[in-house]
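Student: Hi! Could you walk me through this one?
Tutor: Happy to. Here it comes.

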Amino acid sequence: MGQQIESALRQSMHRVVVVLVSFLPGVLVFLVAVVILTALGFLFAAIARRLLIALRFDERLASNETTGTPSSFSDWSPSHSPTLFITRAILWVCILSGIAIGISAVDASYSANSHLEQFLLPYLTHVLGAILLLFFGSLLARFLARSILIGAVNAQLQYARFLSLGVKWLVLVLAAAMALDHLQIGGVIIELAFGIMFGGIVLTLALAIGLGSRDLVSRSIEKTIEKPTPKPTEPTLFPDPAEAPRPKLRHF
Amino acid sequence: MSTTPIADLISPSALSAEARRSNAPLLICLPTVTADELQSLRDHILTALPGQQIFLATPGATASPDTGDGITLLDYTAAPHTRAGWALTAADFLAAAQLAAEYDAPATLLLGAEAASISPAALQQLADAVLTQKADLALPRYETGPHDALVSSALLYPLTNALFGTPTHLPLPLDAAFSSRMASRLATVARKPTAATPTEPLLWPVAEATIASFTVREVPAGHRTLPHPAETDLNTLLAEVIGSLFTDIEAKATFWQRARATIPAKPNLRPDPSTAEPEDITEMAETFRNAYTNLQEIWALVLPPQSLLGLKKVSRAPAEDFAMPADLWARTVYDFLLAYHLRTINRGHLLGALTPLYLAWVASHLRRSAGDAALAAFHVEETAAAFVAEKPYIVSRWRWPDRFNP
């Protein structure tokens with residue numbers, strides 16, 4: 001009995017060691033691939049940076065950008081430097097390539113039946129896609145929220161912040177739902193939850209705007225109702241200054 | 001590069017009759033006018049400049065030689081007035097400059113919409129400033145009330161004066177007179193490619209003249225009918241005009257960081273608040289309070305804590321004490337200019353966030369001026385002086401934007 005248990009344990013330990021021995025070189029190769037590609041990324045980025053600085057890329061781009069445009073390439077660049085943006089893009093492309101090569105190496109170290117790569121690589125692509133969705137979603141949400149906030153304040157709407165927040169969360173919820181759907185997490189629950197949340201936000205906004213604009217609408221309706229013609233009154237020698245029309249502001 | 005920007009007021013008596021009857025031809029470019037307006041303008045020109053050889057160019061006119069009164073009528077292709085002629089655009093200056101080169105005119109008088117309302121005296125002052133006093137650019141200073149030309153009073157004049165040292169009260173001109181060398185410079189600038197905007201790009205002749213060390217004069221021009229912009233949305237117009245000015249200032253940063261500004265002379269007037277009846281600005285103050293509540297997070301990206309504190313005090317003040325201090329306004333505009341340069345936030349958002357602050361200055365201006373033109377002028381000069389006093393602030397922040405700024 002004891003011998004059988006000992007034998008079973010030895011066999012289990014042997015299998016674990018075999019798996020570990022076949023896995024560790026794969027991890028080592030993964031790390032080596034990532035380190036080498038990262039180093040290459042730094043090298044390429046440094047070369048590109050020197051080249052772009054020598055070519056005065058930022059200055060040339062700034063002078064070629066049409067003046068007075070509200071947004072430009074520089075708006076999306078870190079520290080508003082297109083050179084920095086390009087060098088960082090090169091570095092990250094190299095690092096991501098290193099990770100992809102490393103995963104292939106890990107897969108190669110396994111037995112032919114494992115097919116880890118066939119599962120991991122597409123999923124990593126989906127993860128990357130989901131991250132990009134979230135990133136651009138949050139950028140769009142911030143841009144739209146600010147646009148709406150400024151537009152609503154300049155239109156003298158009292159609920160400007162509420163409107164801006166509502167739109168911001170609409171876009172964020174949409175981006176999050178898209179990201180989860182892209183990752184195939186949650187399935188129907190996500191769709192259902194998204195539908196409920198989106199509908200809830202829209203309903204809340206509609207109610208808020210509707211209730212907030214009640215006075216505005218009633219004033220607008222009052223204006224359309226035909227007013228009774230005022231009785232002609234005798235002109236007064238000393239008109240009330242409060243009744244005099246205010247001079248129109250001329251900004252230009 | 002040194003410059004002697006001068007804005008002097010020329011008295012009509014100082015002009016000699018011989019100078020007025022110079023044989024040098026004067027080119028006058030008009031916008032599209034009706035036959036009646038053309039006749040009225042012709043009469044004004046003859047009254048203002050008797051004996052002067054004049055090329056009068058107007059779109060669609062039948063070219064006719066001098067009929068003995070010294071005026072030769074020319075046809076020319078004026079710029080399409082997408083701005084309904086409320087300001088001269090780069091295309092206007094380019095068309096006039098090309099015509100001046102073609103006819104070898106040493107001086108050009110470019111008139112905007114509603115030109116028939118310009119007085120003969122104003123036409124004479126403008127022409128004489130360039131023809132006899134050898135100014136390169138002469139701009140009219142029309143008499144405006146406390147409710148008129150508010151953007152110029154709040155932003156364009158103080159910024160142009162403080163940064164370029166040229167005190168012209170209407171730097172975005174509706175009419176202008178300029179020499180041949182100024183015309184060629186304006187044509188060069190107007191030919192530069194700019195953004196494909198729905199409207200014609202603007203041009204800032206005062207800044208161009210100043211950096212070229214040309215002489216700029218401002219002449220008193222009495223009353224004139226000021227045309228309305230076709231675009232009625234203040235936010236759009238303000239963003240367009242201020243965006244254009246900020247871009248121009250950004251391009252000329254190396255010059256204005258060295259140029260010394262002229263401290264404008266305040267009118268000899270001691271405002272007496274006890275006699276003036278302030279305007280009711282309750283609604284405008286309330287609007288600013290709403291803007292302060294909602295836009296704090298965006299203003300905080302652009303303005304330092306000290307300015308935010310100042311704005312908080314302004315927003316909390318009751319309508320009868322509502323006032324945007326001149327130094328706070330100057331610093332705020334400079335901070336927005338810097339944020340425009342550094343692209344701290346999207347430029348469209350930035351200029352949109354400036355609108356409520358500008359309207360707060362307008363409310364403050366209306367309360368201070370109390371409907372009186374002299375009090376309004378005093379407040380405008382006070383604002384301009386604050387911009388000059390705060391100029392070291394923008395120069396310092398422009399050079400070292402990351403330095404600690406409380």
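Student: Which residues of helix 13 of chain B does helix 10 of chain B meet?
Tutor: His349(B), Leu350(B), Ala353(B), Pro356(B), Leu359(B), Ala360(B) and Ala363(B). On the helix 10 side of chain B, the residues include Phe288(B), Leu295(B) and Trp299(B). Contact here puts C-beta atoms, placed from the backbone, within 7 Å, and helices are DSSP runs (H or I, at least four residues) numbered from the N terminus.

Student: What classes of residue make up that contact?
Tutor: 14 nonpolar, two polar and no charged. Ala, Val, Leu, Ile, Met, Phe, Trp, Tyr, Cys and Pro count as nonpolar, Asp, Glu, Lys and Arg as charged, and the others, Gly among them, as polar.

Student: Before we go on, what kind of model is it?
Tutor: A predicted one: local features need pLDDT of at least 70, side-chain atom pairs count only at pLDDT 80 or more, and totals for chains, interfaces and linings use all residues. Residues are numbered from 1 along each chain as its sequence is written, with chains lettered from A and ligands numbered from 1 in the order in which they are written.

Student: Now the domains, what are the bounds in chain B?
Tutor: Domain 1 is 12–236 and domain 2 is 282–399, from an automatic or database domain assignment. Their contact takes 13 residues from domain 1 of chain B and 18 from domain 2 of chain B.

Student: Which helix gives the most on the domain 1 side?
Tutor: Helix 5 of chain B, with nine residues. By class, that side of domain 1 of chain B has nine nonpolar, four polar and no charged residues.

Conventions: Two residues are in contact if their C-beta atoms, placed from the backbone, lie within 7 Å. Helices (H or I, at least four residues) and strands (E, at least two) are DSSP runs, numbered from the N terminus.
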